[in-house]
Amino acid sequence: TLINDVSASLHEVAADHQVGWVAMHMQGEPRTMQDNPVYEDVVAEVSGWLAERALAAEAAGVVRDRIWLDPGIGFGKTLQHNLALTADLRVLVERGYPVLYGASRKRMIQTLDPTAVDPMDRLGGSLALALEAARQGFWQADARTVVELKERWRDLAERFDVRSDNARFTEFVGAARPAQAGFGLEAPAA
C-alpha cells in the first residue's frame, strides 16, 4: 500500500499504518497554484524541500525505502519549471529515494505541441518525457494509458538506449489521484 500525498504532510499516517508514502511537491494551493508560480532555482528548491519531507517521514517511522519523492510536474509550476525539473531529474534521483515522475498526458505537452489539444493526443509527448526521466534514473512514472505506453515502451527504450529490461506496470491508488496506473523501471542495484 502506498499513500500518494499531494500535501506531503501525511507521513505520520504512513508511519502509523506501516505503508509507503509519496511526498509530492506543490507550490501554493490547488485553486491558485498556477496563477504565478515563482522559483529562484526550481530544481534546488523542489529537491531540497522534498528531502526535508523525506527526513521528517523517516523520523516519524516510515521505512526509508518506502518513501518516494515526486517533483509535482504541473503542480504550481510553469512550463519552464517543469522542463527544468525534467532536465535535472537526476538531482532528485541522487537523493537516494525512489522517484515518481508524473507527466503523462499533462497540459505541458499541449503547450509544447499545440496540436495535442485532447489529452488522448499526448501519448508521444508522454513517452518522450518518460524516456528522458528513465534516462536519468527515475523509478516509477505515472501513466494514464498503460496499454498504449506498454506497447511502445520497450521499442522506444531500446531505440533511445534506455535500460528497459525491468519495465513493469502497477496500479497506484492515492489520496488525490485515485486508481491511476503507473509504469516504471526497477530501482537500479546499489
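**The pocket and its surroundings**

Guide: Helix α5 gives the largest share of the lining of the largest pocket, 3 residues, where helices (H or I, at least four residues) and strands (E, at least two) are DSSP runs numbered from the N terminus. This is a predicted model, in which local features need pLDDT of at least 70, side-chain atom pairs count only at pLDDT 80 or more, and totals for chains, interfaces and linings use all residues. Residues are numbered from 1 along each chain as its sequence is written, and side-chain values use heavy atoms, with hydrogens and water left out.

Visitor: What volume does the largest pocket have?

Guide: The volume of the largest pocket is about 300 Å³, and of the 14 residues that line it, Q34, G74, K106, R107 and M108 are the closest to its centre. A pocket here is an open set of points on a 1 Å grid over the protein atoms alone, where a 1.4 Å probe fits, with protein on both sides within 12 Å along at least five of seven lines, and lining residues have an atom within 4 Å of a point. The volume is the space filled by probe spheres set on the points, which are joined across faces, edges and corners.

Visitor: Which helices each supply at least two residues of that lining?

Guide: Those are α3, residues 79–87, and α5.

Visitor: And T111, is that buried, partly exposed or exposed?

Guide: T111, which lies in α5 (residues 107–112), counts as partly exposed because its relative accessibility is 49%; buried means under 20% relative accessible area, exposed over 50%, and partly exposed in between, with a 1.4 Å probe and protein chains only. The C-alpha atoms of T111 and L79 are separated by 7.7 Å, with the two residues 32 apart along the chain.

Visitor: Switching topic, which residues of α6 are buried?

Guide: In α6 the buried residues are L123, S126, L127, L129, A130, L131, A133 and A134. Helix α6 runs over residues 123–135 and reaches 18 Å from its first C-alpha to its last, and just after α6, G137 takes a positive phi of about 100 degrees.

Visitor: How many helices and strands does the protein have?

Guide: There are 7 helices and 7 strands, and along the sequence they follow the pattern β-α-β-α-β-α-α-β-α-α-β-α-β-β. Of the protein's 190 residues, 48% count as buried.

Terms used. The expected span of a helix is 1.5 Å times one less than its number of residues.
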